[in-house]
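Colleague: Could you take a close look at one part for me, the aromatic rings and what surrounds them? I'd like it all in one go, please.

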Amino acid sequence: MSVRTLLLLALTAFTLGAQGRVRPERAFRDPSERRAGPRRERIVAVLHELRSRKLQRSLGLSEEKANAIADRWALFDEESSSRRLLMGQLRHQMNTTLMGPGSEDDKNRKLQPVVEELAALRQQQEASRKRFEEDIRGSLTPAQQGRFILLVDEFQKSIQEAIQEQRKDK
């Protein structure tokens, strides 16, 4: 299975699982939601394994150390997921307001709190990413740190490409 295919599957799993993470106590509404949990878990496990192997090969890490970093990476994904979802909703809200009826003053009034909330979420996301990278970098050599940063960027780019492909297919 290709990296792109795995990322598409993982993206789908994260999207399907986001509501369950925000409100895990709620009951499933329909049978398809029940199936999403185990499927998501399998995809997350495959993504974890893919990351771990890539870390071992790219950084020359032991399996144990690569798994520990992949665990921390999964935690970063989990922390970031709801924030990314909310940022997407805010961008959509901004676009709808900008493209909708109303004077520029009305749009400014409506958009001010949205822009501020989006800016705050972007700062939180960047701070979370910085903590994630600092947590990992502390146990790596400078060369491994450089490779790790490039590896994370490569994965993020692949995920963005997978999102775009997924949107085209719909």
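Colleague: To start with, are Phe76 and Phe132 buried or exposed?

Modeller: Both Phe76 and Phe132 are buried, where buried means under 20% relative accessible area, exposed over 50% and partly exposed in between, with a 1.4 Å probe and protein chains only. Bear in mind that this is a predicted model: local features need pLDDT of at least 70, side-chain atom pairs count only at pLDDT 80 or more, and totals for chains, interfaces and linings use all residues. Numbering runs from 1 along each chain as its sequence is written, and side-chain values use heavy atoms, leaving out hydrogens and water.

Now the rings. Searching the whole structure turns up 5 aromatic pairs; Phe, Tyr and Trp rings (the six-membered one for Trp) pair if their centres lie within 6.5 Å, with planes under 30 degrees apart called stacked, over 60 edge-to-face and the rest tilted. One is Trp73 with Phe148, edge-to-face at 6.1 Å centre to centre and 70° between the planes. Since Trp73 sits in helix H3 (residues 63–99) and Phe148 in helix H5, this pair ties together parts 75 residues apart in sequence. Helices here are DSSP runs (H or I, at least four residues), numbered from the N terminus. Trp73 is buried at 0% relative accessible area, and Phe148 is buried at 0% too.

Phe76 and Phe132 are stacked, because their ring centres are 4.7 Å apart and their planes at 10°. That pair links H3 to helix H4 (residues 104–137), parts 56 residues apart in sequence. Ring pairs join Trp73, Phe76, Phe132, Phe148 and Phe155 into a cluster. Back in H5, the buried residues include Phe148, Leu151, Val152 and Phe155.

Terms used:
Helix = DSSP H or I, 4+ residues; strand = E, 2+ residues; numbered from the N terminus.
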